[in-house]
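Have the sequence and the 3D view open while you read.

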Amino acid sequence: MKKWMLLVAGTVSGLTLTASEVLLSHDILAAKPEIDIQKGGAMNALPQGGYRFTLTPETRECWVRIPVGLPDLKAYDELEFTIKTENPKAAAVLELNTSRPDNALVMKKNLFLKPGQAKYSWRNMHAGVSVPPTKLSLRMLNKQDNYHLPQSEIARPVDFEGIRFNVTREGVERLQKELDALFDTSRYGVLGKGAVSAADRERDLLKTGSAELLAVVNNAKATQADRIKALEKLYDLKREAGWKIEAAALKAADAPVVTAVTGGADKIFRDRRFPGRFSAPAKVELARQETESAQIALFPKRELKNVTVKWSALSDGQGNTIGPEQISIAPVGFVKPQPAAYVTELAGEWIPDPVLAETGKIDLARDHYQPYWIDVRAAAGQPAGTYKGTVEFLADGKTVATVPLEAEVWNFTLPAKLSLPSVISADLLGGISNFPRMYSNDAEAIAQWEAYMCSEEPEKLELSEEAKRLVGISMQTLQLYRDHRIPFSDIYRGVGKVHPGWKRRMILEDDGLFCLGYDKGRNKIEAIRPQVEAMRKEGTAGRAYIYGYDEITNLKAFQGMKRSYAEVKKYFPEVLRTAVALDYTYGELTGTTDTLDIWIVPPTEYLESMPAAERARKRGCKVWWYPCNWPYPPDANLLMESDATATRLIIGFMPWKFNVDGFLYYSSTFWIGNRQTENWLGRWGTSGNVTLKKYGVNDCDNEFSIETSTAARKAGIKQWATLNQAEPVPVIAEMEIDVAYMDADPKRKFEVELRFNYQDKSSETFRFPLDFGAREVICFSETVTPKKPVKSVFYALWLENDNAKVTCGKTMLKQQGKSRKARHRLDRAISGGPLFEDYRLDVFASNGDGSFFYPGLSGTLPSVRAKLLRDGREDYEYLALLKKAVGEVEAGSRQVADKSAWLEQAKAALKVGDDVCAGLDTYTREGEGLLSYRARIGELLSQVQ
């Protein structure tokens, strides 16, 4: 049936005015649910069915929570609203959560209402995945700042005449097509007749079952419960059928080790249908001065030990070669992430991510795919042509498989500096990264390392061997960024932490801008003046920017940004002012239209505010987008569960299609995971002469040296820990203290202090004197039962003496029988493999967020996602080159064989088709679709003389 897309401010929002055929539905308002309303609003039943929502005049926003009344949303492919309103502009934010994983987000959408009655619908992108819903929430907006949405006013009632989940004819037909594709067994012919026969037998069984289930779904006389049950089984069949058929074929294949190949826009899973071809050459197509990827997977039918890989040079048969040093091949590792904050069909599965560049050999389990990532680089002067060679796999030194490798080098060259401005934070100097502490706990060595990385003349510094090792790892890491065309900058370091000239020039040699620092602290102008003046002399000051004001939302913060950046503009007019400031009118709403040179917003909100972005561009601004832990899959992002095409597209063809001016990502080596812990401590503060001696895994684990003298008699460590007890729970304090020396002094103090701040605002202090004469490690441990529920605890170790020195560490503050989920730094490197269970990179419960490099034993390792980012950046450049070539061919400065035909094809190729991507959550999931479009562009560019 026909659908009409609802245009919101000139752009497709993902919401549709729908006329699609509904086969089954569940109206969540029909059962007169007990609606939970936050103060300031009311819901009243309508005589004809549904509810009328009314806001009080003084209410700025109000939450409405409606129980869904379904055990599972697995079978439903659409959410539909029927709404009537007389408000000229009203808006709400819709959220739908699930109970498994705990309170995970299924859907979050901005709902823009048109006056009158209308039906609105969203496709449920998680159809087929078990989603036990909790409540559907609507945040109704009224005369607030509305930084997340255009201004909303709800002065008149809004009638919700129906909110329902649908099974649509379109959704069932889409499912049937997906099943039909899985039932195609022609791809197994190269594996032998036995493989095809086995695949056909399994296919026929599954196909018969699917036909029977489809008959039930399409039978209008069957009960709704039976039809829903049949549809759920069909979705299960879609999830399992491809692998069941393929596993049957692989088991019956002639070869003891089956080889399969695909390009660099897919992810290969251990136990899922392979996305490419079997027993075929691995192929890459690339320009000069480009690196492009391919993958080879082995599927052994017996366990293989000590598997290694080697490869030859590639030759075009005319004396030209791509040398082995221009090729890298490494096994891909698998991680099993923790339950996420979002729904994903990959929950509990092994996900391919770390590229094991340090791993020389691995063992391969039988009956699973093991992918190897291949990078081929064509030099700037590489002659165009087809280059061929081989990749050989050995187990225990004996060849088990040989795969041809081919590279087609096109007749054009990618520039050294790419067109799409991009900033990806490589905050190796601290900031929010855990980089140095992953490789060392030696506080003195880390201090020497940091001094080196910030020095204008680092070669003159004397470094310990440990500090030299850290410097070596840092330089290897920075080169890794450059090799992957990832512009790096420390955007979260304060403006007072100045990059030396050598590092600034290294950053600017690539296509990145240069960050002067985050706008925090005093004396900003004086702090950045030397850098700006040096860049003026170098002619690069126009590429400097100041960053700040992360995700500010209120008018007071916007006015603070306006004042601060006006000062920057006064002294340094060429310096770009940037911020992730959440005003999606780009200053019109907050009075800051002249404050920023670059507005940086989330991709979802960018797509809904494109007309406002165009107005900002007319004022001379640029508008970038930034993903982070949000948006959630299937929206395009860099998360582990994101499709390979999604990660490649979000920095490649998508910015081109949607006219995005640049890309920012906040961290690449965050190296944080959430874990349950009994320890409620955070970072220690210090008082007096206290030296950090060793870093622990987390801040609370740090080891300190405390010294006193006649000149400074008192010193110690201290911190507040928030407990927020609802009832009194015993508190356990632990610490190890080693006394080096201590004078006999009648006025001395050596004690642990605990101070409870109770919820009723009263307090109580406990002091525990320690043994002055101890000559062995003091293992302090005290359990204190509070009289009332504790809000927070002050925990300190105090030393007061004329001449003393102690070392303290292994500190704990526990609540008896309680634990919490808290961020923990990674405490181990990636080594061995290929499986890494319980390796957590899950900031904000979003797997992989903030980290697409891994710590290795001797350096930093890339991930599959880092490779996809590099290749996506180069994809964008193909279109930039084609646009330039079109202009030059039209002007006659460059020639092609058939000018009119070439121009027609080139102009068509400059428009990224909806088959490649139509929106943030609607794009090709198959790497072949992305790569075939890229090949079209490459072939057109190769024809230009």
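Predicted model: local features only at pLDDT ≥ 70, side-chain atom pairs only at ≥ 80, totals over all residues.

Strand 41 (residues 749-758) pairs with strand 42 in the antiparallel sense over 7 bridges. Along the way, Arg755 stands opposite Thr765 in strand 42.

Next up, a pair of helices. The axes of helix 15 (residues 899-909) and helix 16 (residues 927-942) come within 10 Å and cross at roughly 145 degrees. The crossing of helix 15 past helix 16 is left-handed. Here's who meets whom:

| Helix | Residues in the contact |
|---|---|
| Helix 15 | Trp902, Gln905, Ala906, Ala908, Ala909 |
| Helix 16 | Tyr933, Arg936, Ile937, Leu940 |

Sorted by class, that contact has 7 nonpolar, 1 polar and 1 charged residues.

Last stop: a loop residue. Val129 lies in the loop between strand 11 (116-123) and strand 12 (133-141). Is Val129 buried or exposed? Its relative accessible area is 15%, which is under 20%, so Val129 counts as buried. Leaving out residues up to four places away in sequence, Val129 touches Asp72, Lys74, Val343, Thr344 and Glu345. Take Glu345: along the chain Val129 and Glu345 are 216 residues apart, yet 5.9 Å separates their C-alpha atoms.

Note on methods
Residues numbered from 1 in each chain as written. Heavy atoms only, no water. Pairing = 2+ DSSP bridges. Helix = DSSP H or I, 4+ residues; strand = E, 2+ residues; numbered from the N terminus. Axes fitted to C-alpha atoms, helices over the stretch in contact; angles between N-to-C directions. Left-handed = near helix turned anticlockwise from the far one by under 90°. Contact = heavy atoms within 4.5 Å. Nonpolar A, V, L, I, M, F, W, Y, C, P; charged D, E, K, R; others polar. Buried < 20%, exposed > 50% of the residue type's maximum accessible area, 1.4 Å probe, protein only.
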